[in-house]
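Please look at the sequence and the structure before you read the solutions.

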Amino acid sequence: MGLNFRADQNPVMYARIKIDAITTAKVEVGWTDAVDDAGAVNDLGGNTFTASDAALWAFDTDDTAYWQFAAADSGTAITKIENENAPVAATYETLMVQLEQSSSTVAAARGLRFNADGILIEDTGFQAAAITANVDLTPWVFVQLRTGSIDRNVTMDMWGAYQRRTNSA
């Protein structure tokens, strides 16, 4: 897709996905500043990132296997939101990440989760200073097998991303 979005243009991305099995996998949905990373998150349990700037939902069976909202601003991670909400195997849900410029250099990030019926089930609220405002970003849906040779399949029913044409400063 390319690095065609910026946090200072208040972008929103969403993806309606289902995961065939909740074992031996890492899944990320949100925004990142690279298109070729082996995951924007390096170690979800340690809250470390491969990406310099990212804001996303992630779950990793090497950690808790719960959806967590995490972000990094120029390599500095915010405190993760961990509400012990696990995905349900083979069940659609919609994950959304909204960015909102809060100063000339940083933006806040907000995560929303909707169940298969489209009902809001989690809202993280805006997390301050979550991502650099003027860095180029791309919408991101990433799946990584954790161990063995069992494939994990993520089905994406729909996705979208949009932003303002100009920054909001």
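A salt bridge is a side-chain nitrogen of Lys or Arg within 4 Å of a carboxyl oxygen of Asp or Glu. The model is a predicted one, in which local features need pLDDT of at least 70 and side-chain atom pairs count only at pLDDT 80 or more, while totals for chains, interfaces and linings use all residues. Residues are numbered from 1 along each chain as its sequence is written, and side-chain values use heavy atoms, with hydrogens and water left out.

**Exercise 1.** Find which side chain meets Arg146 in a salt bridge, and state where the two residues lie.

*Solution.* Begin with the contact itself: Arg146 pairs with Asp60, at 2.5 Å from N to O. Then consider exposure, where buried means under 20% relative accessible area, exposed means over 50%, and partly exposed is in between (1.4 Å probe, protein chains only). Arg146 is partly exposed at 21%, but Asp60 is buried at 2%. Finally, salt bridges with shared partners join Asp60, Asp62 and Arg146 into one network.

**Exercise 2.** Determine how far apart the closest N and O atoms are in the salt bridge of Asp157 and Arg16, and what the pair ties together.

*Solution.* The closest N and O atoms of Asp157 and Arg16 are 2.8 Å apart. Since Asp157 sits in strand S15 (residues 154-162) and Arg16 in strand S2 (residues 12-19), the pair ties together parts that are 141 residues apart in sequence. Asp157 is partly exposed, with a relative accessible area of 44%, while Arg16 counts as buried at 18%.

**Exercise 3.** Follow Arg16 into the neighbouring strand pairing, and name its bridge partner in S10.

*Solution.* Two strands pair if DSSP finds at least two bridges between them. S2 and S10 run antiparallel and are joined by six bridges, and within S10 the partner of Arg16 is Thr94. Strand S10 (residues 93-101) is itself mostly covered, as eight of its nine residues are buried.

Terms used. Helices (H or I, at least four residues) and strands (E, at least two) are DSSP runs, numbered from the N terminus.
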